[in-house]
Amino acid sequence: MATGFALCMACVLLAVPLLAAQDPSSLSLEHYSKTCPNAEHVVRAEMECAVRADPRNAALMLRLHFHDCFVQGCDGSVLLDDTATMVGEKQAEQNVNSLKGFDLVDKIKQKLEAECPGTVSCADLLAIAARDAVVLVGGPYWDVPVGRLDSKKASLDLANRDIPTAQQGLLTLISKFWEKGLDATDMVALVGSHTIGFARCANFRDRIYGDYEMTTKYSPASQHYLSKLKDICPLDGGDDNVSAMDSHTASTFDNAYYETLIDGEGLLNSDQEMWSSVVGYSTADTVSKYWADPAAFFKQFSDSMVKMGNITNPVGGEVRKNCRFLNT
């Protein structure tokens, strides 16, 4: 409750819950140890079923967590539906055609509410599910600090401004990560999540009809792959056609994605920039390191995921009962 409002009626004060600012240091591994000790087991069980049914669900949950954390912090704001009084983030340029998995979030939340009503936040749900998604397709495990609150508002403007796009140059991308307290090493590791998942033709058309051949040094093998990409993504139309961002092992979380960059075959311009940009000497070294040393990639990815997950919304919030709507 804002301090500028002088409410003198005790009954009103008691009826309106106070919203404390969220401090990242309040996150802990034990937050639900007494109030919902099975929270992680519930999330893991649902994620196992979802990934077994369709491995692409892993990338969907990981992407939701990323896009959530880059707007107002990791506060579940990306999950809010539009209402008569609020336009949410789902219609943002980088979200409207690429974010999916909301039904899976609903399913997990329903199970959590049955287990521990009003206890586990949607923001924590996303953070835990993203970790489990990575593990279930071969990636590293990390402990997820929990205790996040769910935002009581969303921001379409911030989503359009803060979420990196496929067409942006390296310096712009680095600055966007820096604004969130993430450095260039974090960026190269976190973008490694593109080792799973798919991109829409609309996001890689400029790349394959632009400098793709130059970055691959016109190699015959790359020419064959480029021809396939152009079949998927013509100059006109087919915006929603998709291609894997890792052409080697699209359903496995590994370091093969970095080989595509070194070969000049990165699907997205923003990804290839980390290797090919004239100002990318430091990011190129990191790309080389992660391709040569998968253990180093896994370690940094885990550390960077925790670091990103610790970006909280300083305004505070609530624990939503339904991830799509504010509590009434």
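Patches are made of residues with over 30% relative accessible area and no salt bridge, where like charges are joined within 9 Å and nonpolar side chains (Val, Leu, Ile, Met, Phe, Trp, Tyr) within 5 Å. Here, L171, V278 and V279 make a nonpolar surface patch of about 320 Å². What you're looking at is a predicted model, in which local features need pLDDT of at least 70 and side-chain atom pairs count only at pLDDT 80 or more, while totals for chains, interfaces and linings use all residues. Residues are numbered from 1 along each chain as its sequence is written, and side-chain values use heavy atoms, with hydrogens and water left out.

**The surface patch**

- V278, one of the patch residues, is found in the loop between α13 and α14 (281-292); helices (H or I, at least four residues) and strands (E, at least two) are DSSP runs, numbered from the N terminus.
- With a relative accessible area of 81%, V278 is exposed; exposed means over 50%, buried means under 20%, and partly exposed is in between (1.4 Å probe, protein chains only).
- Accessible areas come from the Shrake-Rupley method with a 1.4 Å probe, and for residues only the protein chains shown count as cover.

**Salt bridges**

- The structure holds 20 salt bridges, each being a side-chain nitrogen of Lys or Arg within 4 Å of a carboxyl oxygen of Asp or Glu.
- Take R44 and E48 to begin with: they form a salt bridge whose closest N and O atoms are 3.1 Å apart.
- R44 and E48 sit four residues apart in helix α2 (residues 39-53), so about one helical turn separates them.
- An α-helix has 3.6 residues a turn, so residues three or four places apart point the same way.
- R44 is partly exposed at 27% relative accessibility, and E48 is partly exposed too, at 30%.
- Next up is R324, which bridges to D81 with the closest N and O atoms 3.4 Å apart.
- R324 lies in the segment after α15 (294-309) and D81 in the loop between α3 (56-69) and α4 (102-115), so this pair ties together parts that are 243 residues apart in sequence.
- R324 is buried at 19% relative accessibility, and D81 is buried at 17%.
- D81 and R324 also belong to a network of salt bridges that links them with K90, D103 and D106.

**Around helix α9**

- D239 and R205 meet through their side chains in a salt bridge of 2.8 Å, N to O.
- D239 is in the loop between α11 (220-232) and β2 (242-244), while R205 is in helix α9 (residues 201-208), so the pair ties together parts 34 residues apart in sequence.
- D239 counts as partly exposed at 35% relative accessibility, whereas R205 is buried at 13%.

- Most residues other than glycine have a negative phi, and most peptide bonds are trans.
- Q72 isn't a glycine, yet has a positive phi of about 70°.
- You'll find Q72 in the loop between α3 and α4, where Q72 is buried with a relative accessible area of 14%.
- Y218 isn't a glycine either, and has a positive phi of about 55°.
- Y218 sits in the loop between α10 and α11 and is exposed, with a relative accessible area of 53%.
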